[in-house]
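Biologist: I would like to go through this structure with you, one question at a time. Please show it first.

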Amino acid sequence: MFETLSDRLTSVFSSLRSKGRLSEADINATAREIRVALLEADVALPVVKDFIAQVKERATGAEVSQALNPAQQVVKIVNEELIAILGGETRRIRFAKTAPTVIMLAGLQGAGKTTLAGKLARWLRSEGHAPMLVAADLQRPNAVQQLEVVGERAGVPVFAPEPGSGVGDPVDVARRSIDQARRAQHDVVIIDTAGRLGIDAEMMRQAADIRDAVSPDETLFVVDAMVGQDAVNTAQAFMDGVGFDGVVLTKLDGDARGGAALSVRHVTGRPIMFASTGEKLEDFSVFHPDRMAGRILD
Ligand code: GDP
C-alpha cells in the first residue's frame with residue numbers, strides 16, 4: 001500500500017522526538033524515508049536526489065529552534081523545499097500591453113488541451129475578460145467540433161475554418177484568428193493546437209510554425225499528471241521543440257501523488273500555472289505550490 005510522506009516521516013520522528021537536536025544519523029534516516037516516499041510518488045530520480053541534497057544541507061545547518069522539536073523542524077524544511085521546488089509563488093498569466101493576449105496550448109493528444117481551452121476561457125470570462133477560442137487542431141477528426149461544444153458550454157465564441165473549406169492550414173487559421181479577435185474586440189485568444197499520441201517531429205514543427213506566426217504571449221504545455229515519469233520526457237521534448245512559458249497539469253483528480261508536478265517543474269524550470277481536476281468545465285484552478293506541497297506531504 002502507498003504510504004504518504006507524512007506517514008513515513010512520523011515513524012522516523014517517533015525516535016527523534018526525545019532528542020534535543022538533529023544528529024547526522026537522524027538526518028540520514030529521514031533522508032532515506034523522503035527518498036522512498038518521493039520515488040513512490042513517481043518523482044524522477046535526479047529530482048529526488050537534488051531535493052534530498054537540499055533538505056540535508058538545510059537540516060544540517062539549521063539553527064536549533066526553541067519553538068520546534070527536531071521532527072517539526074525537518075517537516076518544516078521539507079515543506080518549504082517542496083513549495084520551492086514547485087515554484088514558490090503562483091505564477092499569473094502575463095497579459096499583453098496591447099490586446100489581444102495570445103495563449104497557445106501545446107501537448108500530446110489526450111493530454112486534455114481542448115477541455116483545458118474551455119476551462120481557461122470560462123475562467124477568464126469570470127475574471128472579466130472576453131476570450132475567443134481558436135481551433136488550430138485540424139488533424140484529429142472531430143477536434144473542431146469538440147472545441148465548438150466546449151466553447152458553447154463556456155459561453156465563448158470559437159474561431160474555426162469555414163465548414164467545407166477542406167482541412168485548412170492551422171497556421172493560417174491561427175494568424176487570421178488574431179485579426180478576428182481585434183475586429184470583434186476579444187482581449188484574449190486561446191489557440192488549441194494538434195497533438196499526437198507520442199512525440200512526433202511533424203507535430204512539433206506545426207506547433208513551432210503556429211508559434212512563429214502568432215508570437216504567443218504565453219505558450220502553455222498541457223500534460224496529463226497520470227503519466228508520471230513520462231511527463232518529464234514529454235515536457236523536455238516540447239521544451240526543445242516548441243518552448244513554453246508555463247505548465248498546466250491535467251487529470252489531477254486521478255493522481256493523488258503529485259510526482260509529475262515536482263519533476264516537470266524542476267526539469268524544465270517552467271512554473272505550473274493551472275490545474276485541471278476533472279472533466280467538467282469548473283474542475284479547474286490556479287495552481288498553488290503550497291497546496292500541492294501539502295498534498296504530497298500528507
Ligand atoms: P486533447 O487531445 O489534448 O485535446 O485532450 P481532450 O481535451 O480531448 O481530453 C482527453 C480526455 O481526457 C477527454 O475524455 C477529457 O474529458 C478527459 N479530461 C481532460 N481533462 C481532464 C481532467 O482534468 N480530469 C479527468 N478525469 N479527465 C480529463
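Biologist: How far is an oxygen atom of the ligand from a polar backbone atom of Ala-111?

Modeller: Keep in mind that this is a predicted model. A polar contact is a pair of N or O atoms within 3.5 Å. The ligand oxygen and the polar backbone atom of Ala-111 form such a pair, and their distance is 3.3 Å.

Biologist: How much of the ligand does the protein bury?

Modeller: Start with the ligand taken alone, which exposes 580 Å². Of that area, the share buried by the protein is 80%.

Biologist: Which backbone N or O atoms lie 2.9 Å and 3.0 Å from an oxygen atom of the ligand?

Modeller: The 2.9 Å distance belongs to a backbone N or O atom of Gly-112. For the 3.0 Å distance, the backbone N or O atom is in Lys-251.

Biologist: How many residues surround the ligand, and which helix gives the most to the shell?

Modeller: The ligand sits in the largest pocket. Around the ligand there are 17 residues, and the closest include Gly-110, Thr-114 and Glu-279. By class, the shell has two nonpolar, nine polar and six charged residues. With four residues, the element that gives the most is helix H5 (residues 113-126).

Biologist: Which strands are at the edges of the open sheet?

Modeller: The sheet has eight strands with mixed pairing, in the order E3-E2-E4-E1-E5-E6-E7-E8. An edge strand pairs on one side only, and this holds for E3 (158-159) and E8 (284-286).

Biologist: In which sense do strand E5 and strand E6 pair, parallel or antiparallel?

Modeller: Strand E5 covers residues 218-224 and strand E6 covers residues 246-250. Val-222 stands opposite Val-248 in E6. The two strands pair over five bridges, and the sense is parallel.

Biologist: Which two residues does a cis peptide bond join?

Modeller: Look at the loop between helix H4 (70-85) and strand E1 (101-106), where Pro-100 lies. The cis bond has an omega of about 0 degrees, and the residues joined are Ala-99 and Pro-100.

Biologist: What is phi of Ser-215?

Modeller: Ser-215 lies in the loop between helix H8 (201-214) and E5. Its phi is positive, in a residue other than glycine, with a value near 40 degrees.

How values were computed. Residues numbered from 1 in each chain as written. Predicted model: local features only at pLDDT ≥ 70, side-chain atom pairs only at ≥ 80, totals over all residues. Heavy atoms only, no water. Near = heavy atom within 4 Å. Polar contact = N/O pair within 3.5 Å; in protein donor to acceptor, adjacent residues only side chain to side chain. Areas by Shrake-Rupley, 256 points an atom, 1.4 Å probe, with all protein chains shown as cover. 1 Å grid on protein atoms, 1.4 Å probe; cavity = no way out; pocket = protein on both sides within 12 Å on 5 of 7 lines; lining within 4 Å. Sits in = over half its atoms within 2 Å of the grid points. Nonpolar A, V, L, I, M, F, W, Y, C, P; charged D, E, K, R; others polar. Pairing = 2+ DSSP bridges.
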